[in-house]
Amino acid sequence: MSWTRIMECVPNFSEGRDLQKIDQIVSPFRARAGVKLLDYSNDEDHNRLVVTVVGEPDALKEAVIEAIGIAVELIDLNHHQGQHPRMGAADVVPFIPIKGCTMEEAIAISKEVGERVAEAYKLPVFLYEKSASAPHRENLAAIRKGEFEGMAEKIHQPKWHPDFGPEERHPTAGTVAIGARMPLVAYNINLNTPDLNIAQDIAKKIRFIGGGLRFCKAMGVELKDRGITQVSINMTDYTRTALYRAFEMVRFEARRYGVSIVGSEIIGLVPMEALIDTASYYLGLENFSMQQVLEARIME
């Protein structure tokens with residue numbers, strides 16, 4: 001890519017099982033000038049699709065708007081079930097500045113996309129994170145509380161009127177949160193127990209709102225097909241709260257239940273620095289920096 005300006009978008013859609021629908025939703029990001037599809041992953045337990053795409057700001061913006069429209073057309077949340085909280089067919093759409101772009105530009109694009117999808121698809125839009133119109137709207141979890149079902153009443157409360165679009169939940173596609181943020185790492189840790197209460201209790205203890213790690217959001221999830229549970233984590237600023245801290249805190253809290261970690265996974269893409277930082281910790285490297293990473297130096 002020879003682009004001088006690169007914006008990233010990581011839209012999450014409420015469909016993780018129907019491969020034909022997933023292919024249609026992802027299609028606007030394929031073979032499109034100024035846009036590069038980096039990754040997409042679907043999870044059947046979560047019933048969720050996470051797409052990672054980069055592009056020149058204007059081209060990326062148009063592709064995202066088109067994908068949201070397809071999701072609105074194909075997904076009916078009245079018939080949706082999954083482990084992951086959701087309030088919309090296109091559930092959350094964050095824009096992240098990567099190269100030659102500022103956070104202010106990401107905020108401006110998020111607002112333009114929000115306004116356009118509200119008008120085109122009659123979809124209520126909440127601005128969140130850096131784009132939030134009020135402090136109580138910054139946290140996605142606060143906006144999404146009550147999910148699709150609860151939003152039917154919540155959206156009528158003055159505190160929760162949408163930033164764009166009708167003050168009425170879309171009958172099948174719900175609502176969407178659109179905003180600008182720092183790079184986020186979606187990181188899941190699997191436990192060798194089928195007891196969901198244990199995973200939920202550990203999640204409460206490690207997340208910031210429960211007195212845990214500052215830039216950590218977490219919830220307990222049941223993986224029925226594998227007969228285990230999972231602590232599903234969003235690390236909202238890996239530069240200030242490292243992945244290894246979340247891993248070690250989960251392991252520490254799991255001991256009281258006689259439970260151990262059987263593995264972990266990254267959903268979507270992850271910044272190299274987040275993994276290098278963790279590798280440095282476990283290897284006990286002294287005075288190590290990103291300048292010693294071959295790939296990082298090549299890309300300078």
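**Ground rules.** I'm working with a predicted model, where local features need pLDDT of at least 70, side-chain atom pairs count only at pLDDT 80 or more, and totals for chains, interfaces and linings use all residues. Residues are numbered from 1 along each chain as its sequence is written, and side-chain values use heavy atoms, with hydrogens and water left out.

**Strand S1.** Then I looked up its partners. S1 runs antiparallel to S5 (residues 90–99), joined by 4 bridges, and pairs in the antiparallel sense with S4 (residues 48–55) over 3 bridges (pairing takes at least two DSSP bridges). Met7 has Pro97 as its bridge partner in S5 and Gly55 in S4.

**The open sheet.** Next I traced 4 strands in the order S9-S10-S8-S11, an open sheet with antiparallel pairing. S9 (216–223) and S11 (261–267) are at the edges with a single partner strand each, so one side of each lacks a neighbour in the sheet. Neighbouring strands are turned by 20° against each other on average, direction ignored. I counted 6 bridges between S8 (residues 185–191) and S11, and found Asn188 bridged to Glu265 in S11. H6 (residues 196–206) packs on this sheet, touching S8, S9 and S10 (228–235), and its direction makes about 175° with that of S9 (angles run from 0 to 180 degrees between N-to-C directions, axes being lines fitted to C-alpha atoms, for helices over the stretch in contact). H7 also packs on the sheet, touching S8, S10 and S11, at about 25° to S8.

**H7 on H8.** I then checked H7 (residues 243–254) against H8 (residues 272–283): the angle is about 55°, with the axes 8 Å apart. The two are therefore oblique to each other (the class left after under 35 degrees, over 145 and 65 to 115 are taken out). The contact (heavy atoms within 4.5 Å) includes Phe247 and Arg251 of H7 and Leu275 and Tyr281 of H8.

**H2 on H3.** Last, I looked at H2 (residues 57–74) and H3 (residues 103–121), which pack at about 35° with axes 10 Å apart. Among the residues that meet are Val64 and Ile68 in H2, and Ile109 and Val113 in H3.
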